[in-house]
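Hello,

Here is the structure I said I would pass on. My notes on it follow below.

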Amino acid sequence: AEAERRYVAALAAFDGSGFKDASFDGQYATHTLALALFAGRKLGMPFDKRLLDALSAQQQDDGGFAAQYTSSGETAGADTATTAYALLALYSLR
């Protein structure tokens, strides 16, 4: 029950583009989208397609996922850790 409460509270920081959490500095972190999808799935919470859409928008042409992005769509380059988080989240949705 505590994990579900914290998950719901964390989703309140999602603004439709990403999470404006304590580390937000004008750029969103892609890994937070992936972690939210993964945690929600593991907790059995209702699926939020907005999270999947926001994560999918960060996939680069080479298959990797941008580490950071802004609401205007500008992105940083992909990195291995962010891509691994994204793939783990996507795999959990299968």
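The axes of helix α2 (residues 30–43) and helix α4 (residues 80–92) come within 8 Å and cross at roughly 25 degrees. Axes here are lines fitted to C-alpha atoms, for helices over the stretch in contact, with angles from 0 to 180 degrees between N-to-C directions. Helices are DSSP runs (H or I, at least four residues), numbered from the N terminus. Angles under 35 degrees count as roughly parallel, and α2 and α4 are therefore roughly parallel to each other. Their crossing is left-handed (the near helix is turned anticlockwise from the far one by less than a right angle). On the α2 side the contact (heavy atoms within 4.5 Å) is made by T30, H31, A34, L35, L37, F38 and R41, and on the α4 side by T82, Y85, A86, L88, A89 and S92.

The model is predicted: local features need pLDDT of at least 70 and side-chain atom pairs pLDDT 80 or more, while totals for chains, interfaces and linings use all residues. Residues are numbered from 1 along each chain as its sequence is written, and side-chain values use heavy atoms, without hydrogens and water.

S92 lies in helix α4 and is buried, at 8% relative accessibility (buried means under 20% relative accessible area, 1.4 Å probe, protein chains only). Apart from neighbours within four places in sequence, S92 is in contact with F38 and R41.

D48 sits in the loop between α2 and α3 (49–56). D48 is also buried, with a relative accessible area of 17%. The side chains of D48 and R50 are joined by a polar contact of 2.9 Å (N or O atoms within 3.5 Å, one able to donate a hydrogen and the other to accept it).

Regards

How values were computed: Helix = DSSP H or I, 4+ residues; strand = E, 2+ residues; numbered from the N terminus. Parallel < 35°, antiparallel > 145°, perpendicular 65-115°, else oblique. Buried < 20%, exposed > 50% of the residue type's maximum accessible area, 1.4 Å probe, protein only.
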